[in-house]
Amino acid sequence: METKRNKQLWEFISTRLKEKGYNRSAEQCKCKWKNLVTRYKGCEMVEEEAKRQQQFPFYNDLQAIFSARKQTTSKKLCSDEEEDKGRYRGKEKGKKGVSISGSTSESINDGNDIKEILKCFMRQQLEMEIQWREALEVRENERRLKEMEWRRTMEALENERVMMDIRWREKEEQRRIREEARSERIDALVTTLLNKLTRDDHMK
């Protein structure tokens, strides 16, 4: 709540996270905080509280932090005003010059913060694009494997159908041969009987 740029602060936070089992560097913690602030400021324009929570679940948490920061800042300003009472105008002018210089320095720091946010944003976008490409490649490989499996299944079914057709034709051929052999035996039996009857008639 008291400073915008503090390397030791992020290192302390990184150490505390590691103690809790979360391995994050100070730079990662800093980028995460800046991203949270950016999303918080983007949700300030949303009027409905429910939509704010839906778009950004940590809105109330950051709002509490910034409200506390405003209170701390206002108390500090009030104490500074009390200390400044009774001083002569020359010192006030000198203080205004320092204030202007501090404002300029703060503007520079804000510009640097924006650059850091943009860098973090670009890194995240690059990581997201890499993850998206990897996921796309995984899905494509899965699709190819499923297609190959489907082709193998269809080929197996086609081979099975062909084998069944061959077996059916073989059975039909065997049945036809048996039918022809049976017909030939019947014809031979009828011929034999007719010849026998003919011989008996001649003998009489």
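## Helix 1 and the residue after it

Helices here are DSSP runs of H or I with at least four residues, numbered from the N terminus. Just after helix 1, Gly-21 takes a positive phi of about 95°.

This is a predicted model, in which local features need pLDDT of at least 70 and side-chain atom pairs count only at pLDDT 80 or more, while totals for chains, interfaces and linings use all residues. Residues are numbered from 1 along each chain as its sequence is written, and side-chain values use heavy atoms, with hydrogens and water left out.

## The nonpolar core and Phe-56

The largest nonpolar core has eight residues, namely Leu-36, Val-37, Tyr-40, Cys-43, Phe-56, Tyr-59, Leu-62 and Phe-66; such a core is a set of buried Ala, Val, Leu, Ile, Met, Phe, Trp, Tyr and Cys residues joined through side-chain atoms within 4.5 Å. Helix 2 (26–43) and helix 4 (59–84) each supply at least two residues of this core, and helix 2 gives the most, with four.

Phe-56 is buried, with a relative accessible area of 0%, where buried means under 20%, exposed over 50% and partly exposed in between, for a 1.4 Å probe and protein chains only. Leaving aside neighbours within four places in sequence, Phe-56 is in contact (heavy atoms within 4.5 Å) with Leu-36, Arg-39, Tyr-40, Cys-43 and Leu-62. Of these, Cys-43 is buried at 5% relative accessible area.

## Aromatic pairs

The structure holds two aromatic pairs, a term for rings of Phe, Tyr and Trp (its six-membered ring) whose centres lie within 6.5 Å, with planes under 30 degrees apart counted as stacked, over 60 as edge-to-face and the rest as tilted. One of them joins Phe-56 and Phe-58 edge-to-face, at 6.0 Å centre to centre and 70° between the planes. Whereas Phe-56 is buried, Phe-58 is partly exposed, at 43% relative accessibility.

## The disulfide

The one disulfide in the structure, defined as a pair of cysteine sulfur atoms within 2.5 Å, joins Cys-31 to Cys-120 with an S to S distance of 2.2 Å. Because Cys-31 lies in helix 2 and Cys-120 in helix 5 (residues 89–203), the pair ties together parts that are 89 residues apart in sequence. The link is left-handed, with -45° about the S-S bond, and both cysteines are buried.

Cys-29, by contrast, is in no disulfide, and the nearest cysteine sulfur, that of Cys-31, is 9.5 Å away. Cys-29 is also buried, at 9% relative accessible area.
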